[in-house]
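Here's a quick briefing on how side chains pair up in this protein. Have the sequence and the 3D view open as you read.

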Amino acid sequence: MTTIKEQIAAMEARWPGFELVDHGPSHVEWRGILAPDKREHLVRVKHRIPMVLENTTLRDAQPRVQVLKPLLERHPDYDEGPIPHAYRNRAEPDLPYLCLFSPSLREWDINDLIANTTIHWAAQWLYFYEGWLVTKKWLGGGRHVTSQDEEKRLEPAPAPI
């Protein structure tokens, strides 16, 4: 398992423009700008290593990426709308989690470095999002989030009492 210290070191080396906002032995948060097609997007990346006794899945352990500015536009009339490849965030409805990979296909695991995977995937997601705003079609491929996926959601499982 990749430690938080290793994640921080990799981010500092590969993405020096990302600000380390918060961290501890089992969690980390960065904010930074991604501009895959000229338009700048301020993103937040959060990651938490679950405790051994928690009943968690890979979905609970994966990094969470949100676009803080500008807020993602909602277009229910577009293909795959209102926002394609995004998971609802019940705590902050205006800040959905980006769907960057398929947890069921195990495209990311706790040994991966966020700097080598998640940040690139977020930039790619934003590139296709910008295209979706213009064409009204999602050309980024992938499996679209369904209402069943929403039930599984990306929000962390509650901590055991």
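Predicted model: local features only at pLDDT ≥ 70, side-chain atom pairs only at ≥ 80, totals over all residues.

**Aromatic rings**

- Ring pairs join Y78, W125, Y127, F128, Y129, W132 and W138 into a cluster.
- Take W125 and W138: their ring centres sit 5.6 Å apart with the planes at 50 degrees, so this pair is tilted.
- W125 belongs to helix α3 (residues 118-135), while W138 is in the loop between α3 and α4 (147-152), so the pair ties together parts that are 13 residues apart in sequence.
- W125 is buried, at a relative accessible area of 3%, and W138 also counts as buried, at 10%.
- W138 pairs with F128 too: here the centres are 6.3 Å apart and the planes again at 50 degrees, so you get a tilted pair.
- That F128–W138 pair links distant parts of the chain, with F128 in helix α3 and W138 in the loop between α3 and α4, 10 residues apart.

**A charge over a ring**

- R64 lies over the face of Y97, 5.9 Å from the ring centre.

**Salt bridges**

- As background, side chains of opposite charge can pair when their charged atoms come close.
- E29 and R31 meet in a salt bridge, at 3.3 Å from N to O.
- Of these two, E29 is buried, with a relative accessible area of 10%, whereas R31 counts as partly exposed at 29%.
- E130 forms a salt bridge with R39, and their closest N and O atoms are 3.2 Å apart.
- Since E130 lies in helix α3 and R39 in the loop between β2 (27-34) and β3 (41-48), this pair ties together parts that are 91 residues apart in sequence.
- E130 is buried at 12% relative accessible area, but R39 is partly exposed at 30%.
- E92 and R44 also meet through their side chains in a salt bridge, at 3.1 Å from N to O.
- This pair links distant parts of the chain as well: E92 is in the loop between β5 (86-87) and β6 (97-98), R44 is in strand β3, and they are 48 residues apart.

Note on methods:
Residues numbered from 1 in each chain as written. Heavy atoms only, no water. Phe/Tyr/Trp six-rings, centres within 6.5 Å; stacked < 30°, edge-to-face > 60°. Helix = DSSP H or I, 4+ residues; strand = E, 2+ residues; numbered from the N terminus. Buried < 20%, exposed > 50% of the residue type's maximum accessible area, 1.4 Å probe, protein only. Lys NZ or Arg CZ within 6 Å of the ring centre and 35° of its normal. Salt bridge = Lys/Arg side-chain N within 4 Å of Asp/Glu carboxyl O.
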